[in-house]
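Okay, everyone, thanks for coming. Let me put the structure up, and then we'll walk through it together.

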There are 2 protein chains.
Amino acid sequence: MTTPAYFGEDEFLALLRERVATLPPRPEIALGIGDDAAVLRRIANAIVTTDMLLDGIDFVVAECGAERAGRKALTKNLSDLAAMGALPIAAFVSVALPPATTREFASRFLDGLCAAAREFECAIAGGDTKRSPRGLVVNVTLIGAPAHDHILTRSGGRPGDVLVVSGPLGGSILGHHLDFTPRLAAGAAFARRGATAVIDLSDGLARDLPLLAAASGCGAELDAASIPIAAAAHELARSSGRSALDHALDDGEDYELLVALPHEVLAAITSEPSLAGTTIIGRLVADPGVTLVRDGHREPLARGGFRHHFEGGDRER
Amino acid sequence: MTTPAYFGEDEFLALLRERVATLPPRPEIALGIGDDAAVLRRIANAIVTTDMLLDGIDFVVAECGAERAGRKALTKNLSDLAAMGALPIAAFVSVALPPATTREFASRFLDGLCAAAREFECAIAGGDTKRSPRGLVVNVTLIGAPAHDHILTRSGGRPGDVLVVSGPLGGSILGHHLDFTPRLAAGAAFARRGATAVIDLSDGLARDLPLLAAASGCGAELDAASIPIAAAAHELARSSGRSALDHALDDGEDYELLVALPHEVLAAITSEPSLAGTTIIGRLVADPGVTLVRDGHREPLARGGFRHHFEGGDRER
């Protein structure tokens, strides 16, 4: 019996360079992988986001496999760009390889990473490869550019704006947290149509809506009956002792966009194919605080105690 | 007896925002920490580098303390910018906090990080905070801009160029790998003076010189007697059974610049105060391969088997 050979940093880097070379070139990349740093040109406004993903926190590689881990490392960041109304240009990928890394493991990880890069037209322009004392750690920094003149933030919402979400919420632990589609097309369309504020729902509506409202200097009202609930949230509710609505409010990792829109643009939204899944769920109001309106009763929205599915927590900033 | 409370992601983020607010503002940062992504303006050519640092690989936090770990996370990346002839604009800092993180630990880590940011005039414009299943993990992505029109790479060297280093080499494990000064001023001066190729010495001269030579389509000759040897390399040699020269060639983490220069600019180099420590150590040649000239004998340079000081390895790309 033989143990598969450890696939080290040099081998990983060689395989990564081989894979990255098959991605379509981007004119903004004057110098990519292979020097002390990369050089990017022609970016008037750089939109930059970064996320670290760890085995045991953001995925359990032994269960989901390296390919889905590689995909999520990129798509989680792409979701942040989507929330800015931006499209990706280049990713910088740091990987700490676990001690038991094999060629097979590395190859599957790169399959997932590069398939997502190809699908969402993102180059991979640099990174760092390390050996990890324990599990897989991946950090991706993404640089993008606004899809339109208007850069979306969390802070532009105004009282009276309608709140919409780009898709159903809750139950992401059943698979969606790995396999979601970042809402880049929707984010670009919302920017073009005049959205005033956007956040991506990574920590759950009950946690992220108060962030958007507070950043916009507003409060918010949420219509419980309007919140689109994912099938996975209903499925979880059958055994969790919590309601499907609670799962939709608190689960996190939906990676849908929560968007504030002036009333006058609503009609245009419904005619946009990339915004087909958009649902109105409430509105921004002048008074601070977030209210849940359920069966005619008004109650303060409990701020969900979102923790990542596994061991830890996550706070984007 | 009480156990110090775990200092979680929210608390860390609040403390980080407080510290970052005390750094001098940078006009390029249109939107910093606090949204789904940052927005950077006015960067015609973005120079981008990223490095992941892990407890047990790049430092042993229990020995060196959190402050030096925080400093190194930034300075290691700054050294990569220096090698491009670039100066920093903004850092994006992802941190996975170990389970035993206290307020004291977090505060010291931020002391080191922010002191380096202040010293080298780098903003902190975003990041990510996670809980780590084990030790501290930090990833920094740095975005900079060329100090002059000329962007330095590894690949512009020509046969006949003189090779210089910016300071003495070897023995970094005794402290230099934590406390080095990234050669930003020297990198900018080399760019202005017409250097043709530069690499930062992170993996050791014996490993990094062949990279520069190969990227430039050249070979190289190294004069053993000219290589500046750090006092720490001599100190190590007393007990290691290896020569001080071997330490200077192989130890790695020198974070000095290795630079190829046309002959005609050499005179100007000696008049530049920021290049005071510059030493000529050899030359680029037309034939491939790197030769060490020692006591009149010529031998192929053994490519140092650099491993990081502790458990693992590191390959920048």
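So, between chain B and chain A, about 5600 Å² of area is buried, and carbon and sulfur atoms give 50% of that. Keep in mind that this is a predicted model. The contact takes 68 residues from chain B and 69 residues from chain A.

How are the two chains related? Chain B can be laid on chain A by a turn of 180° with a shift of 0.0 Å along the axis, and the RMSD is 0.0 Å. That's the relation of a two-fold axis. And 100% of chain B's interface residues are also interface residues in chain A, so the copies meet through the same surface.

On chain B's side, the largest share of residues touching chain A, 10 residues, comes from β3(B). That side of chain B divides into 30 nonpolar, 15 polar and 23 charged residues. As for salt bridges, the rule finds 8 across the interface. One of them joins Arg154(A) and Asp36(B), with the closest N and O atoms 3.3 Å apart.

Now back to β3(B), residues 45-54: this strand pairs with β2(A) in the antiparallel sense, over 4 bridges. Ala38(A) has Val48(B) as its bridge partner, and Leu40(A) stands opposite Ala46(B).

β2(A) also pairs within chain A: β1(A), residues 29-31, runs antiparallel to β2(A), residues 38-41, over 2 bridges. There, Leu31(A) is partnered with Val39(A). The hairpin has 6 residues between the strands, and Gly34(A) takes a positive phi near 125°.

Note on methods
Residues are numbered from 1 along each chain as its sequence is written. Chains are lettered from A and ligands numbered from 1 in the order in which they are written. This is a predicted model: local features need pLDDT of at least 70, side-chain atom pairs count only at pLDDT 80 or more; totals for chains, interfaces and linings use all residues. Side-chain values use heavy atoms; hydrogens and water are left out. Two strands pair if DSSP finds at least two bridges between them. Copies are superposed by least squares on the C-alpha atoms of residues with pLDDT of at least 70 in both. Contact means heavy atoms within 4.5 Å. Buried area is the accessible area (1.4 Å probe) that two parts lose on being put together, summed over both. A salt bridge is a side-chain nitrogen of Lys or Arg within 4 Å of a carboxyl oxygen of Asp or Glu. Ala, Val, Leu, Ile, Met, Phe, Trp, Tyr, Cys and Pro count as nonpolar, Asp, Glu, Lys and Arg as charged, and the others, Gly among them, as polar.
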